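Work through the exercises below with the sequence and the model in view. Each task is followed by a solution in steps.

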Amino acid sequence: EKLKAWNRLDWEIYSHFNRTFWERIDRAIGRERMRREVRALRARQAELARTCLQGTGSVGPKDIKDSSLRPLQHGGARILGYNLKQGLDPELERTCRRLVTPELQYSSLLYKKQFPPPPSETPG
């Protein structure tokens, strides 16, 4: 309760959007469908983890074998990452890689895709 009082504005914003989110869910699809979709999403996530990941899940930064999949470590935080299984077919490997690429690297890829450099002009 003290935290709510200290962060009253944040709490009011959170409460408003949490309430309106659930009101929209109730109007659009209902709670039962939402529960089914969450279960389906979790099942798909577990299936992809079994398909894509080496080991049982996340690993510490020093244990990430592919440096391009290593999240930026900042301050005292220890941000975990993933190792992909070896020998995945190229299309599946591409999909799996997209799912485990850390935020900064993924943002960089999106930026390059959205704003490609102009083609270089070659003298003719």
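**Exercise 1.** Find the handedness of the disulfide between C52 and C96.

Solution. Start with the bond itself: the sulfur atoms of C52 and C96 lie 1.9 Å apart, and a disulfide is counted when two cysteine sulfur atoms are within 2.5 Å. Next take the torsion about the S-S bond, which is about -65°, so this disulfide is left-handed. Then place the two ends: C52 belongs to helix α3 (residues 31-52) and C96 to helix α4 (residues 90-100), 44 residues apart, so the pair links distant parts of the chain. Helices here are DSSP runs of H or I with at least four residues, numbered from the N terminus. The count of disulfides is one.

The model is predicted: local features need pLDDT of at least 70 and side-chain atom pairs pLDDT 80 or more, while totals for chains, interfaces and linings use all residues. Residues are numbered from 1 along each chain as its sequence is written, and side-chain values use heavy atoms, without hydrogens and water.

**Exercise 2.** Describe the interface of domain 1 and domain 2.

Solution. The contact (heavy atoms within 4.5 Å) takes four residues from domain 1 and seven residues from domain 2.

Second, take the buried area, meaning the accessible area (1.4 Å probe) lost by both parts on being put together. It is about 420 Å², with 67% from carbon and sulfur atoms. On the domain 1 side, L48, T51 and C52 supply 89% of the area buried against domain 2.

Third, look for salt bridges (a Lys or Arg side-chain nitrogen within 4 Å of an Asp or Glu carboxyl oxygen).

**Exercise 3.** How far apart are the closest N and O atoms of R19 and E23?

Solution. The distance is 3.7 Å, and the two residues form a salt bridge. R19 and E23 are four residues apart in helix α2 (residues 8-28), which means about one helical turn separates them. The total count of salt bridges is nine.

Conventions
Buried area is the accessible area (1.4 Å probe) that two parts lose on being put together, summed over both.
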